[in-house]
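Trainee: I am new to this structure and would like to go through it with you. May I ask questions as we look?

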Amino acid sequence: MAYSRTDIIPEEYSLFPEEDENRPRIQNAVSTTSFPEEFPSAAEVGNRPRIQNVVSTCSLGCKFNLDELVHKALNCEYNKKKFPAAIMRIRSPNTTGLVFGSGKFVCTGAKSAELSRIAARKYARILQKMGYEVKFSAFKIRNMVGSASLGLDCNTKLRLETFRILEECQEESERQFQMIAYEPELFPGMCYRLRQSSVVILIFVSGKIVITGAVKSSEVFEAFDIIAPLLKNFLRNERAICSGK
């Protein structure tokens, strides 16, 4: 005895009723359902700089016997043959602290200046609980490292050599840089030092950018706002070159 589809699954319970003309249809194993037009593209998302590392220093106000410290502290290591400081780590904020025998302290790995200060104070408190007469002072941000992307696809690259030549041909008063260097045989990135600033920008042909040398997060964002518009004019499409267009 033959059964129809509606005999097995009633029409009101069917996943795809016959009268529903708006249901997605499969054509060549690809659904014709489309995404909304306002859905953001990859190039529009996440191309602003993000702080990846903050390096800060402070004074702990006392001297340390590092051979003794390494036996007292948890998550601490010290090898004076390799490095003249004891290395401590905490998880919140996720950072690494370097304790020198002179009482100087370096904190690295934080994602913001405030988190770096919090972490440095936590290390100081840990050392206080061990019996050291620690006095936290002279906290200072030494370096911030940020990363960003121009949002280029895999077929689009930056023409860094052309960019370097045209930048060096500009008048001295119009230049945005203090120093520019690009030697792809030695290092794959271009080194671009901003004028009247300690900020250095590393630029790669993929559109990835690393900004270092800043002491404020605003300097990282300002550096990106300077370099990004300049690089937008030096793009090349690898697919078009390979196809002979």
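**A walk through the model**

Mentor: Let us begin with glutamine 196, which counts as exposed at 78% relative accessibility. Please keep in mind that this is a predicted model.

Trainee: Where does glutamine 196 sit in the chain?

Mentor: Glutamine 196 is in the loop between strand E11 (190–194) and strand E12 (200–203). Its backbone has a positive phi of about 50°, although glutamine 196 is not a glycine. Most residues other than glycine have a negative phi.

Trainee: And what is the phi of alanine 138?

Mentor: Phi of alanine 138 is near 55°, a positive value in a residue other than glycine. Alanine 138 belongs to strand E8 (residues 137–149), and with a relative accessible area of 58% it is exposed.

Trainee: Which residues are joined by a cis peptide bond?

Mentor: Serine 92 and proline 93 are joined by one, with omega at about -10°. Proline 93 is found in the loop between E5 and strand E6 (95–100). As a general rule, most peptide bonds are trans.

Trainee: Let me step back. How many helices and strands does the protein chain have?

Mentor: The protein chain has 6 helices and 14 strands. Of its 245 residues, 32% are buried. Among contacts with a separation of 6 or more, 57% come from residues 24 or more positions apart.

Trainee: Which residues touch the most other members of the largest nonpolar core?

Mentor: That core has 52 residues, and those touching the most other members are Leu60, Phe64, Val99, Leu127, Tyr192, Ile201 and Ile203. Helix H5 (residues 217–231) gives the most to this core, namely 6 residues. Domain 1 (54–142) and domain 2 (150–236) both give residues to the core, so it lies between them.

Trainee: What does leucine 127 touch?

Mentor: Setting aside residues up to four places away in sequence, leucine 127 touches Leu60, Phe64, Leu69, Met88, Val99, Tyr132 and Val134. Leu127 is also one of the buried residues of H3.

Trainee: Then tell me about H3. How many residues does it have?

Mentor: Helix H3 (residues 113–129) has 17 residues. From its first C-alpha to its last it reaches 25 Å, close to the 24 Å expected at 1.5 Å a residue. Its buried residues are Ser116, Ala119, Ala120, Tyr123, Ala124 and Leu127.

Trainee: What do the buried residues of H3 pack against?

Mentor: They pack against E3, helix H2 (66–72), E5, E6, strand E7 (104–110) and E8. Just after H3, glycine 131 takes a positive phi of about 105°.

Trainee: Is serine 56 buried or exposed?

Mentor: Serine 56 is buried, with a relative accessible area of 1%. Beyond residues up to four places away in sequence, serine 56 touches Phe105, Val106, Cys107, Ser116, Phe139, Lys140, Ile141 and Arg142.

Trainee: And arginine 164, is it buried or exposed?

Mentor: Arginine 164 counts as buried, at 18% relative accessibility, because the cut-off for buried is under 20%. Arginine 164 is part of helix H4 (residues 160–168), and its side chain makes a polar contact of 2.5 Å with that of glutamate 161. Leaving out residues up to four places away in sequence, arginine 164 touches Ile180, Tyr182 and Met190.

Note on methods
Residues numbered from 1 in each chain as written. Predicted model: local features only at pLDDT ≥ 70, side-chain atom pairs only at ≥ 80, totals over all residues. Heavy atoms only, no water. Buried < 20%, exposed > 50% of the residue type's maximum accessible area, 1.4 Å probe, protein only. Contact = heavy atoms within 4.5 Å. Core = buried A, V, L, I, M, F, W, Y, C linked by side-chain atoms within 4.5 Å. Helix = DSSP H or I, 4+ residues; strand = E, 2+ residues; numbered from the N terminus. Domains from an automatic or database assignment. Expected span 1.5 Å × (residues − 1). Polar contact = N/O pair within 3.5 Å; in protein donor to acceptor, adjacent residues only side chain to side chain.
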